[in-house]
Amino acid sequence: MMTRRITQLLIGLAMYGISLAMFIRAGLGLDPWDVFHQGVAGKIGWSIGTVVVVVSFLVLLLWIPLRQMPGFGTLANAVLVGVFADIGLALIPTFSHLGGQIAMLAGAVVLNGIASACYIGARLGPGARDGLMTGLARRTGWSVRLSRTLIEVVVLGVGWLLGGSVGVGTVVYAVAIGPLVQWLLPLFTVPVKAPVAVPEAVPAAP
């Protein structure tokens with residue numbers, strides 16, 4: 001079971017990075033965190049994959065006051081998504097016509113949903129950004145929805161000011177990704193192996 005979980009995690013993270021590259025190549029807008037990543041990358045001249053990795057580890061520092069503990073999946077997420085985003089950008093061409101852009105955006109959303117369900121379903125630790133959201137909710141008593149909204153509004157605003165791409169793809173992602181992951185997650189969640197019950201000792205007959 002652990003072999004399946006690790007394999008599923010790694011495949012999911014690779015697909016997530018590729019989906020990020022597809023969003024960028026579609027040129028129709030990114031999700032809030034990637035608007036931020038793209039904006040930072042444009043200002044400092046790093047590849048977006050490098051920015052994703054560095055920001056992931058900086059976000060993990062915010063876990064310390066929230067008393068969050070990273071898992072193997074958390075650390076793998078912090079490294080692999082950025083690496084595969086850069087690989088995807090090196091392989092995927094930019095589309096200049098609207099039909100290709102729309103198809104690329106649709107493929108990116110679907111692949112991102114599958115990737116999210118894969119790495120979440122592996123149950124090896126949340127990503128740095130997801131853990132920040134849940135940790136903030138736990139420590140403040142806010143709902144997860146409110147915590148996520150506040151964080152994403154901040155990073156979206158900062159990313160837009162830095163020159164990150166906001167557009168119809170940003171809206172499509174916000175509307176579609178939640179229902180898509182919710183629908184796919186049962187298909188990819190690795191079942192918890194129930195402990196073997198130990199029968200109680202039966203007292204000897206008198």
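Me: What covers the buried residues of H6?
Reply: The cover includes H2, H3, H4 and H7. This is a predicted model, where local features need pLDDT of at least 70, side-chain atom pairs count only at pLDDT 80 or more, and totals for chains, interfaces and linings use all residues. Residues are numbered from 1 along each chain as its sequence is written, and side-chain values use heavy atoms, with hydrogens and water left out.

Me: What makes H6 a helix, and which of its residues are buried?
Reply: Helices are DSSP runs of H or I with at least four residues, numbered from the N terminus. H6 has 13 residues. Buried means under 20% relative accessible area, exposed over 50%, and partly exposed in between, with a 1.4 Å probe and protein chains only. In H6 the buried residues are Ala128, Arg129, Gly131, Leu132, Met133, Gly135 and Ala137.

Me: How do you know what span is expected for H6?
Reply: The expected span is 1.5 Å times one less than the number of residues. For H6 that is 18 Å, and the helix reaches 18 Å from its first C-alpha to its last. Just after H6, Gly141 takes a positive phi of about 85 degrees.

Me: Why is Trp142 called partly exposed?
Reply: Its relative accessibility is 38%, so Trp142 counts as partly exposed. Trp142 lies in the loop between H6 and H7.

Me: What is Trp142 in contact with, leaving aside its neighbours within four places in sequence?
Reply: Contact means heavy atoms within 4.5 Å. On that basis Trp142 is in contact with Leu136, Ala137, Ser147 and Leu150, those neighbours aside.

Me: Why is the pair of Tyr16 and Tyr119 edge-to-face?
Reply: Rings of Phe, Tyr and Trp (its six-membered ring) pair if their centres lie within 6.5 Å; planes under 30 degrees apart count as stacked, over 60 as edge-to-face and the rest as tilted. The centres of the Tyr16 and Tyr119 rings are 6.0 Å apart and the planes stand at 75 degrees, so this pair is edge-to-face. Tyr16 lies in helix H1 and Tyr119 in helix H5, so the pair ties together parts 103 residues apart in sequence. Both Tyr16 and Tyr119 are buried.

Me: What makes Phe23 and Tyr173 an edge-to-face pair?
Reply: Their rings are 5.7 Å centre to centre, with 75 degrees between the planes. Phe23 lies in H1 and Tyr173 in H8, so this pair ties together parts that are 150 residues apart in sequence. Phe23 and Tyr173 are both buried.

Me: How do you know that a charge sits over the ring of Trp33?
Reply: The test is that NZ of Lys or CZ of Arg is within 6 Å of the ring centre and within 35 degrees of the ring normal. The charged end of Arg129 sits over the Trp33 ring, 5.3 Å from its centre.

Me: What makes a nonpolar core, and which residues touch the most other members of the largest one?
Reply: A nonpolar core is a set of buried Ala, Val, Leu, Ile, Met, Phe, Trp, Tyr and Cys residues joined through side-chain atoms within 4.5 Å. The largest has 49 residues, of which Leu9, Phe23, Trp33 and Val59 touch the most other members. H1 gives the most to this core, with nine residues.

Me: Where does H8 bend?
Reply: The bend at a residue is the angle between axes fitted to the seven residues ending there and the seven starting there. H8 bends by about 35 degrees at Ala176, and Pro179 follows within four residues. The buried residues of H8 pack against H1, H5 and H7.

Terms used: Helices (H or I, at least four residues) and strands (E, at least two) are DSSP runs, numbered from the N terminus.
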